[in-house]
Amino acid sequence: MHEAVAHNPHRARWQQTLAHVRQRVESVPAYRTSGRVLRATGMVIEAVGLRVALGNACRIELPSPGGNEPPRFAEAEVVGFAGEKLFLMPLSEITGLMPGARVFPLGDGPDHAARRFPLGETLLGRIVDGNGQPLDGLGPLESAPRAPLTSPPLNPLSRAPIEEQIDVGIRAINALLAIGRGQRMGLFAGSGVGKSVLLGMMARYTRADVIVVGLIGERGREVQDFIDNILGEEGRQRAVVVAAPADTSPLQRLQGASYATRLAEGFRDQGRNVLLIMDSLTRYAMAQREIALAIGEPPATKGYPPSVFAKIPGLVERAGNAERGCGSITAFYTVLTEGDDQQDPIADSARAILDGHIVLSRTLAEAGHYPAIDIEASISRAMTHIIDDEQLAMAQSFKQLFSRYQRNRDLISVGAYTPGHDPQLDDAVQRYPSLERFLQQGMQESASIDSAREQLENTVGGKP
């Protein structure tokens with residue numbers, strides 16, 4: 001018998017195939033748990049008959065358009081429950097949903113891979129959506145290692161302190177708002193004041209090993225424009241872009257921000273210094289508001305439910321330094337201020353949790369002053385720990401001169417100012433053109449830390 005098998009390789013191959021099929025069949029459970037759709041209202045689908053943990057995923061069975069084809073499946077996530085009812089929110093738009101449709105949990109079998117996301121070197125230079133699926137047409141990411149979105153929080157006492165200044169290539173920031181490696185900064189701006197251009201300059205000029213960009217809730221046209229014209233080919237080569245535009249579901253926008261942060265954490269765990277750009281934190285909060293209101297959470301401050309203000313620190317605290325000697329995540333989060341109102345609840349919450357804020361002024365932008373950084377309203381909380389006393393004194397002197405001129409601007413413009421009465425104001429008036437030139441910078445111009453400091457010294461200490 002063994003000799004016959006040995007002389008018949010085809011038979012041996014068939015026996016191996018049958019053994020493999022038998023092994024797969026035996027591993028399939030004897031039954032499969034399913035529930036059914038009870039109600040669909042707006043973005044929320046209610047299902048009964050399942051016990052699935054909050055945050056886990058399910059698949060909803062949808063009939064095929066032709067009727068003769070196999071059924072389709074739409075993925076949804078459990079966002080809440082009440083008694084025996086589960087509240088599901090689909091990751092994409094669902095068509096053809098019918099009452100009583102079957103709902104299957106994504107368990108620990110082969111389907112479990114659908115909730116794990118690609119990470120690592122393979123994603124450099126790629127553009128993906130909030131699910132980790134490629135958007136750039138450069139092929140699938142099958143070989144990339146995968147991991148869930150959640151990661152254990154770092155012990156705050158084990159984090160390395162912020163001690164080293166990071167070069168972001170922007171003269172005003174390097175000299176007057178020094179940012180440390182591992183710091184988390186907010187970029188506060190209304191619409192149309194040069195926020196995306198400033199982020200693109202940082203992405204191209206910042207001294208970082210890897211750049212992770214999360215474009216959350218932006219217009220689809222702006223995503224393309226940011227990648228092609230603002231980030232550029234040079235920045236894209238060492239960057240990963242996660243795009244969850246405004247037309248995607250709120251769950252996918254929420255997931256896109258978490259995925260971008262998880263990518264940054266993965267590179268940090270490899271010992272890399274990562275620049276994380278999140279545009280924008282406000283859209284992330286709005287996505288959480290949509291989900292919370294849809295499942296019945298009561299609104300609190302200006303229509304935002306309490307869960308929104310719990311989500312923001314949970315996302316931001318994942319950035320920062322790892323343990324001493326390991327990698328870091330230096331993060332910039334844009335915050336949209338409604339009508340340039342700095343007291344917006346999201347802006348106020350972000351300002352409290354971040355390590356500093358850069359405010360962009362519409363008045364400066366309308367005057368053609370770019371980048372439109374309001375140097376008086378901006379602050380870096382780590383600045384005093386990462387620069388020497390000489391630079392700190394020069395930065396304070398710069399701000400005093402600039403502020404002195406701004407407070408007396410109306411008097412100067414109407415001709416009520418006469419020199420000789422206030423020596424400090426006289427000095428500020430004489431130096432103001434050079435102060436203003438120092439704060440301006442072209443989009444294609446890069447300013448290192450050393451050059452920024454040298455120009456600051458010439459502006460403040462030199463002759464007016």
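Colleague: Under what relative accessible area does a residue count as buried?
Modeller: The model is predicted. Accessible area here is taken relative, with exposed meaning over 50%. Buried means under 20%.

Colleague: Is threonine 459 buried or exposed?
Modeller: Threonine 459 is found in helix H15, residues 449–461. Its relative accessible area is 11%. The cut-off is under 20%. Threonine 459 is therefore buried.

Colleague: Which residues is threonine 459 in contact with, leaving aside its neighbours within four places in sequence?
Modeller: Take glutamate 436 for scale: 23 residues apart from threonine 459 along the chain, with the C-alpha atoms separated by 10.0 Å. The contacts of threonine 459, sequence neighbours within four places aside, are Phe398, Arg431, Ser434, Leu435 and Phe438.

Colleague: How far apart in space are alanine 175 and threonine 330, C-alpha to C-alpha?
Modeller: Alanine 175 lies in helix H3, residues 171–176. In sequence, alanine 175 and threonine 330 are 155 residues apart. In space, C-alpha to C-alpha, the separation is 18 Å.

Colleague: Why does alanine 175 count as buried, and what is it in contact with?
Modeller: Alanine 175 has 1% relative accessibility, so it counts as buried. Neighbours within four places in sequence are left aside for the contacts. The partners are then Met383, Gln391, Ala395, Phe438, Ala452 and Leu456.

Colleague: Where does arginine 181 lie, and is it buried or exposed?
Modeller: Arginine 181 lies in the loop between H3 and strand S10 (184–189). Leaving aside neighbours within four places, its contacts include Glu164, Arg207, Asn273 and Thr330. Its relative accessibility is 14%, so arginine 181 counts as buried.

Colleague: How are H7 and H8 oriented to each other?
Modeller: Helix H7 (residues 281–294) packs on helix H8 (residues 306–316) with axes 9 Å apart. The angle is about 135°. Over 145 degrees would count as roughly antiparallel, and 65 to 115 as roughly perpendicular. H7 and H8 are therefore oblique.

Colleague: Which residues make the contact of H7 with H8, and how do they divide by class?
Modeller: H7 supplies Leu281, Tyr284, Ala285, Gln288, Arg289 and Ala292. H8 supplies Ser307, Val308, Lys311, Ile312, Leu315 and Val316. By class the contact residues of H7 and H8 are eight nonpolar, two polar and two charged.

Colleague: At roughly what angle do H8 and H9 cross, and with what hand?
Modeller: The axes of H8 and helix H9 (residues 345–353) come within 10 Å. The angle is roughly 35°. The crossing of H8 and H9 is right-handed.

Colleague: How many charged residues does the contact of H8 with H9 have?
Modeller: H8 brings Val308, Phe309, Ile312, Pro313 and Val316. H9 brings Pro345, Ile346, Ser349 and Ile353. The classes are eight nonpolar and one polar, with no charged residues.

Colleague: How far apart are the C-alpha centres of domain 1 and domain 3?
Modeller: The domain assignment gives domain 1 (35–105), domain 2 (116–387) and domain 3 (391–461). The C-alpha atoms of the chain fill a box of roughly 110 × 55 × 45 Å along the principal axes. The centres of domain 1 and domain 3 lie 61 Å apart.

Colleague: Among contacts between residues at least 6 apart in sequence, what percentage join residues at least 24 apart?
Modeller: The chain has 15 helices and 17 strands. Buried residues make up 49% of its 464 residues. For contacts between residues at least 6 apart, the share joining residues at least 24 apart is 72%.

Conventions:
Residues are numbered from 1 along each chain as its sequence is written. This is a predicted model: local features need pLDDT of at least 70, side-chain atom pairs count only at pLDDT 80 or more; totals for chains, interfaces and linings use all residues. Side-chain values use heavy atoms; hydrogens and water are left out. Domain bounds come from an automatic or database domain assignment. Helices (H or I, at least four residues) and strands (E, at least two) are DSSP runs, numbered from the N terminus. Buried means under 20% relative accessible area, exposed over 50%, partly exposed in between (1.4 Å probe, protein chains only). Contact means heavy atoms within 4.5 Å. Axes are lines fitted to C-alpha atoms, for helices over the stretch in contact, and angles run from 0 to 180 degrees between N-to-C directions. Angles under 35 degrees count as roughly parallel, over 145 as roughly antiparallel, 65 to 115 as roughly perpendicular and the rest as oblique. Ala, Val, Leu, Ile, Met, Phe, Trp, Tyr, Cys and Pro count as nonpolar, Asp, Glu, Lys and Arg as charged, and the others, Gly among them, as polar. A crossing is left-handed if the near helix is turned anticlockwise from the far one by less than a right angle, and right-handed if clockwise.
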